[in-house]
Amino acid sequence: MPEPAELYDAIVTGNAKKAEEVTKAALEANVNPTELLGKYMIPAMDEVGKRFECNEYFVPELLIAARAMKTALALLTPKLAEAGAKAAGRVVIGTVQGDLHDIGKNLVASMLEGAGFKVVDLGVDVPAQKFVEAAKEQEGSIVAMSALLTTTMTQMRSVLQALEAAGLRRKTKVMIGGAPITQQYCDEIGADGYSDNASGAVALARRLVGVA
Amino acid sequence: MAIAGLTLIGETINDSVPSTRKLFEAGDLAGIVELARFQDEKGAAYIDVNVGARPPEFMADVVRRIQEVTAKPLSIDTPDPAIAKAGLAAYDPARAGGRKPLLNSISPLRVGMFDLLSVQPFRPILLISERVEDGRSRPCQTAEQTYQAATFLLAEAQRAGLEPDDCILDPGIAPIGSDTEGNLKRLIGAMEMLHNDPKFARVHRSVGLSNFTVQLPSKRADGSPVKGPLENAFLTKAMPLGLDMIIGSVKRVYETLPPEHPAMQCLEDCLRLGGFEAILRVREFYR
């Protein structure tokens, strides 16, 4: 029988089949699902993020590792719910209105899931009101926005204004990213944080929910 | 340098290039002009100009300054009609031997930008990776949808008085390192459909080639380059299907590859495999 610790390597190396096999075996052996997540899976994705930051890993490795993580997580999620485990935080994510780019947004969503966040992905071309509705439904969540065009990044300000108008801004942290976005722009529109890569986005989300 | 029959649009003057953005932010127009001169000397046929979200007057100023040092025509690169208008109005065809600028780009949702032909005649890059559904832009997910977008935009361009020769179709190229949704397959499929339809025979095709290899390492495990060969593999595949223009780097050596080249085999495998298997195949290429 594979050892639960093998889950760590399976995720770091992006071996989805192995991750599935180890998780199934561990659950059958009544290993605590919270322990699997906290001891092996989240640290594995943290390691993937570190390797990405030091240019040892690139986007293909991130995607492959995230797939392995998701495979294991799909098996684990019902058990975690039964055990009453809490997510690291909740994130409502989407690409802003008028913008169809989704590669970066999807990558950030995968990495956040890998870090134990519950992620609600609104997709691309998301109107401000849809962000507001999702933030209302997922009260206390982070709103994460992506924009890849200089003509659409201005929508981020509209979302912030719509959150303010709906009385949700104080309860909602807002993080942004995408090729034309800078820290200066983040400060200018009053968002709570900016990251230029998926690994940094996880660290930022953790800071925003106060777990790092 | 480019392959014979392949027109290179120099990509460097773009706000999304970090070193160029720094020049813009520092107001270093001399530096921007130098980028134009360098790309001209290194063989770019057009110089792309993308100033990001800066004011229209800034685009106009940059266009004028660049045209002081190059006789190459420019590619006015913005989805914003006001910035495009300012760039086109400032452009002086006489300084480019009478040649028209490119307008990069017009999408199915932005056909109103054809009105800018009254400001300055231009050759449009028509973005056919998007389509309109219920009044909103949607990504084309199939070759058929891409072909339909091309049919629509070519008809709109001709209605605006443009000849097929003036039009350049951009079917949209996505990074191969994150293509889990079969974009490469859509793209090559669409290029085949366009190639087989006589109404597109005189229409040009272009892609932003550097986008194909972003997010990949620069070197393979054996120290040989990753990006150049994969981009060349794409050219080798796409040029027989009508690709005759790229937005790319003057520093890159563009060349066609033999079928047995590892990058060529990687590209063919990715086309055949799709999904995560394709991502694994790309990783195998550089690991």
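I looked up Arg136(B) and found that it forms a salt bridge with Asp125(A), the closest N and O atoms being 3.1 Å apart. A salt bridge here is a side-chain nitrogen of Lys or Arg within 4 Å of a carboxyl oxygen of Asp or Glu. The model is predicted, so I note that local features need pLDDT of at least 70 and side-chain atom pairs count only at pLDDT 80 or more, while totals for chains, interfaces and linings use all residues. Residues are numbered from 1 along each chain as its sequence is written, chains are lettered from A in the order in which they are written, and side-chain values use heavy atoms, with hydrogens and water left out.

**Chain B with chain A**

I counted 3 salt bridges across this interface by the rule. The contact (heavy atoms within 4.5 Å) takes 26 residues from chain B and 23 residues from chain A. The two chains bury about 2100 Å² between them, 60% of it on carbon and sulfur atoms; this buried area is the accessible area (1.4 Å probe) lost on putting the two parts together, summed over both.

**Domains of chain A**

I then turned to domain 1 (6-82) and domain 2 (89-209) of chain A, whose bounds come from an automatic or database domain assignment. Their C-alpha centres lie 25 Å apart. Domain 1 of chain A gives 14 residues to the contact and domain 2 of chain A gives 12 residues. Between them they bury about 1000 Å², with 68% on carbon and sulfur atoms. I found 2 salt bridges across this interface. I also recorded a salt bridge between the side chains of Glu113(A) and Lys70(A), at 3.7 Å, N to O.
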